[in-house]
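Dear colleague,

I am handing over the structure we spoke of, and my notes on what was found in it follow directly below. Please read them with the coordinates open beside you.

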Amino acid sequence: MQIRVVNSRADNASVDTEERVFHLTFTPTTVALFDLMQRCLRLEAIQVCYFIRPRYSNLC
């Protein structure tokens, strides 16, 4: 399994739709997360830094 590292919001628009696992190195907005979820239909996981998680814990 490969993990695709996304370094910026601009990279978010250029990801391959067949990718399954992502690591985001930037602080994503809710819109950026949902855009990634809609773009990659075979998505299995999105990993974010530990200090960002409390901000998104209510989305699950």
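The surface comes first: the chain exposes about 4200 Å², and 54% of that area is supplied by carbon and sulfur atoms. Please keep in mind throughout that this is a predicted model. Of the 60 residues in the chain, 28% are buried.

As for the fold, there are three helices and three strands, and, read from the N terminus on, the elements follow the order β-α-β-α-β-α. When contacts between residues at least 6 apart in sequence are considered, 34% of them join residues at least 24 apart.

The structure holds three salt bridges, and I go through them in turn. Arg42 pairs with Glu18, with the closest N and O atoms 3.1 Å apart. This pair links distant parts of the chain, since Arg42 sits in the loop between α2 (30-39) and β3 (45-47) while Glu18 sits in the loop between α1 and β2 (21-24), 24 residues apart. Arg42 has a relative accessible area of 43% and is therefore partly exposed, and Glu18, at 45%, is partly exposed as well.

Another salt bridge joins Arg20 to Glu44, where the closest N and O atoms are 3.1 Å apart. Arg20 counts as partly exposed because its relative accessibility is 33%, and Glu44 is partly exposed with a relative accessible area of 47%.

The remaining salt bridge is formed by Arg39 and Asp35, whose closest N and O atoms are 3.0 Å apart. These two residues are four apart in helix α2, so about one helical turn separates them. Arg39 is partly exposed at 28% relative accessibility, and Asp35 is partly exposed with a relative accessible area of 29%.

Which residues does Asn12 touch, leaving aside those up to four places away in sequence? They are Val6, Ala32, Asp35, Leu36 and Arg39, so that both partners of the salt bridge between Arg39 and Asp35 are among its contacts. Asn12 itself lies in helix α1 (residues 9-12), and it counts as buried because its relative accessibility is 4%, where buried means under 20%.

Technical notes
Residues are numbered from 1 along each chain as its sequence is written. This is a predicted model: local features need pLDDT of at least 70, side-chain atom pairs count only at pLDDT 80 or more; totals for chains, interfaces and linings use all residues. Side-chain values use heavy atoms; hydrogens and water are left out. Buried means under 20% relative accessible area, exposed over 50%, partly exposed in between (1.4 Å probe, protein chains only). Contact means heavy atoms within 4.5 Å. Accessible areas come from the Shrake-Rupley method with a 1.4 Å probe; for residues, only the protein chains shown count as cover. A salt bridge is a side-chain nitrogen of Lys or Arg within 4 Å of a carboxyl oxygen of Asp or Glu.
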